[in-house]
Amino acid sequence: MGWCCLFLLFCFTWSFFVLGTYPLQSSQTQVLQQLRKHLEYPKQLEIWNNRSIDFCYLSSFPQVNITCQDNFVTELRIVGDKTAKVSGFHGFAIPKQTLSENFSLDSFVATLARLTNLRVLSLVSLGIWGPLPDKIHRLSSLEYLDLSSNFLFGSVPPKISTMLKLQTLKLDDNFFNDTVPNWFDSLSNLTILSLRNNQLKGQFPSSILSTTTLTDLIMSSNGMSGKLPHLSSLTSLHVLDLSANKLDSVLPKMPKGVVMVILSNNSFRGEIPQQYGQLSQLRRLDLSFNVLRGKPPSAVFSLPNISFLNIASNMLRGSLPDHLSCGSKLEFIDISNNKLMGGLPSCFSTNSEKRIVEVDGNCLSFNTRHQHVESYCMEVYVKKQSKGKNAGILAGLIIGVFILTMLLACGFLILWRIYCPIGISEQHLLHKTVQDSSAAGFSSELLASARFVSEAAKSSLPVCRSYSFEELKEATNNFDNSAFMGEGSYGKLYKGRLENGALVAIRCMPLSKKYSIRNLKLRLDLLAKLRHPHLVCLLGHCVDVGGRDDFSTNKIFLISEYLPSGSFCTHLAENSYGKVFNWSERLAILISIAKAVHFLHTGIIPGFFHNRLKTNNILLNEHGMAKLSDYGLSIISEETDKCGAKVEGYKSWQMKNLEDDVCSFGFILLEALVGPSVCARRDALLLNEIASINSLDGQKRIIDPIVQATCSQESLSIVLSIMSKCISLESCSRPSIEDVLWNLQYAAQIQGTVSGDYRFDTASPQ
């Protein structure tokens, strides 16, 4: 009886096992085999060769996984080995990287759609290529879709918006190149959206703001531009990565529960919001490589969960409080390459083995060997000190002085109108006709009371004085041909030797009748006040009136220091008789001239603009120091209205504002990169080459071989970027000379960290 019961129990168990087993339907098996054929029999699917196997009972493999339910495939994951990527994909099959040219993505998706119960689909690195067809929406049961690391291009199919069960959408590392979709609000269950490393462009999609279920939003390394709206409505958001785009708004508000925020490598401006110091769940914050200004909020450093904080390579200013506290979990801090000053807070101590702190490239009193050069920091300190600690008192004082000045000016004007005859032009230093057409827009009041605000104005360079015409004749041997050095748009240039033995350069400039002698001398006095280590020093002047009346000056002579080592242009030429400069030397000269231009723009109020910048006007003294010549001459030259038209080569670039110093400096940068012989070409081919100069191939083709042989790629990229902005056709998009100077100094710092003779990486991947 016992054996009988045992036998019956065994039969029942066996029958239950057989009845409970649902072999995969033959139609589903056929679909899987057809998919294998579409994928051109990858080695990962070799196990499918055995047609007698039950796919649902295969052991899980790292690269292939199938899950079934009720004899239907519900989960299909395949990871291939076609991970190699190309720098550009043009929509055609690539041997050994994509599937063959016979592959049809449309047919492949149609076959996939026959797996009607599929909830999870992950096909990664399989070489799938082509535009993703709309029929992907036939997989209406999908909750998870991952097609990363393939060669999909075109637009993200709008029909995906009808896949209402979709919770995860990953299309990373493809070549989608249309605008970013704006239908994500239709996916009411979407929690993870990842479109990283594509070529999507356009504005940030506003529909995302209504997708309140999102926990992960990753759209880095695309081409999105414009404004990033406030994201506080995304209450479930934990991970945000929008790095390496072209977003250029102020930083938006963040949801309170966010854990990771990565917004690096964009163009975000303004200050870091104080609200970021209230994100108690934040663990990782990366705002590096933007143009953020102001002082970083102290509360960000002390967030309770923060472990990684990177605000490097911005334009942050000010000093960090000594009593600043750091969060207990903070392991990495990077504030390098900003304009921060003062000392380091005690919690930044690098003695801690658990905390890494990067501070190089600032104006800190700590570790000065790796900070900005002293002259640059002095400018920052002067600006900082001008704010003072009592900003309210200073502001009130300024307002009071301004009101008092206005009252005095009004009183003076009333008295002047009463007691001074109207219409007597001799009582003006400038005629009205001269004022209206003044090259620099200076009125007589501005000429007489121009204010210097730069420390460079206090330089100990020689004082400018007046010379007699006889002294100049003696210095040049009566302007003999042997003393003649050349002729430009500002007149003839002679070399002379003064009575004290000093060599000088003497420029002879013709003048029109529109200037009186008093007017002219007032302008010369203003020009003589310009003193800076990187400006060719004006030693004196001589006004030749030709024996005529006060309003009939004939010519004027400007006496400047003589620089014996030639111009920057001559040291860039391949056939130069002197030394040809390497990249570091070129950077040093460019930084010097940028400082000089910055002084001309800001060192005097009103500033000197339209300075006719070009490499021929950058001269070198016997020590190799670069100085700018022929600056500010527009206020005394009769070529005022025509000066831009005569600049060689500029017309071909179709610049709207030919006198823009930043634009002109951009062409100096270009000439330093490609050499004068290439820059002198004025054809469409060169324009196309410059447009492609940011690619490695373009750089190898056009950039001076000496630069390629002596530069670091990162340093070169920084200069290329700022050069492109300087020569932009739209003047409003050009940077300030201060931004240009900062980028050049940063590039020099990067170059200075490279040991030995760094060679241009000709073996870099394309």
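Me: What share of the contacts in the protein with a separation of 6 or more comes from residues 24 or more positions apart?
Reply: The share is 57%. This is a predicted model, and a contact here means heavy atoms within 4.5 Å.

Me: How many helices and strands does the protein have, and how much of the protein is buried?
Reply: There are 18 helices and 32 strands. Buried residues make up 50% of the 766 residues.

Me: What makes Cys 326 and Cys 347 a disulfide?
Reply: Their sulfur atoms are 2.0 Å apart. The cut-off is within 2.5 Å, so the pair counts as a disulfide. The structure holds one disulfide.

Me: Why is the disulfide of Cys 326 and Cys 347 called right-handed?
Reply: The torsion about the S-S bond is about 45°, so the disulfide is right-handed. The pair links distant parts of the chain, 21 residues apart. Cys 326 lies in the loop between strand E18 (317-319) and strand E19 (332-334). Cys 347 lies in the loop between strand E20 (339-342) and strand E21 (356-358).

Me: Are Cys 326 and Cys 347 buried or exposed?
Reply: Both are buried.

Me: How do you know that Cys 363 and Cys 537 are buried?
Reply: Buried means under 20% relative accessible area. Cys 363 has 2%, so Cys 363 is buried. Cys 537 has 3% relative accessibility, so Cys 537 counts as buried too.

Me: Why do E18 and strand E22 (363-364) count as edges of their sheet?
Reply: The sheet is open, with three strands in the order E18-E20-E22 and parallel pairing. E18 and E22 each have a single partner strand, so one side of each is left without a neighbour in the sheet.

Me: What makes E20 and E22 a pair?
Reply: Two strands pair if there are at least two bridges between them. E20 and E22 have two bridges, so they pair, in the parallel sense. Gly 342 stands opposite Leu 364 in E22.

Me: What is the strand order in the sheet of six strands, and which strands are its edges?
Reply: The order is E24-E28-E29-E27-E26-E25, in an open sheet with mixed pairing. Strand E24 (465-466) and strand E25 (484-488) are the edges, as each pairs on one side only. Helix H10 (residues 517-528) packs on this sheet, touching strand E28 (538-544) and strand E29 (555-561). The direction of H10 makes about 170° with that of E28.

Me: Why is E29 called mostly covered, and what pairs with E29?
Reply: Six of the seven residues of E29 are buried. Strand E27 (residues 503-510) pairs with E29 in the antiparallel sense over seven bridges. There, Leu 558 is the bridge partner of Arg 507. E28 also runs antiparallel to E29, joined by six bridges. Val 543 stands opposite Ile 556 in E29.

Me: Why are helix H12 (residues 661-674) and helix H18 (residues 737-752) called roughly parallel?
Reply: They pack at an angle of about 25°, with their axes 10 Å apart. Angles under 35 degrees count as roughly parallel. H12 and H18 are therefore roughly parallel to each other. Their crossing is left-handed.

Me: Which residues of H12 and H18 meet?
Reply: Val 662, Phe 665 and Leu 669 in H12 meet Ile 737, Val 740 and Leu 744 in H18.

Technical notes: Residues are numbered from 1 along each chain as its sequence is written. This is a predicted model: local features need pLDDT of at least 70, side-chain atom pairs count only at pLDDT 80 or more; totals for chains, interfaces and linings use all residues. Side-chain values use heavy atoms; hydrogens and water are left out. Helices (H or I, at least four residues) and strands (E, at least two) are DSSP runs, numbered from the N terminus. Buried means under 20% relative accessible area, exposed over 50%, partly exposed in between (1.4 Å probe, protein chains only). Axes are lines fitted to C-alpha atoms, for helices over the stretch in contact, and angles run from 0 to 180 degrees between N-to-C directions. Angles under 35 degrees count as roughly parallel, over 145 as roughly antiparallel, 65 to 115 as roughly perpendicular and the rest as oblique. A crossing is left-handed if the near helix is turned anticlockwise from the far one by less than a right angle, and right-handed if clockwise.
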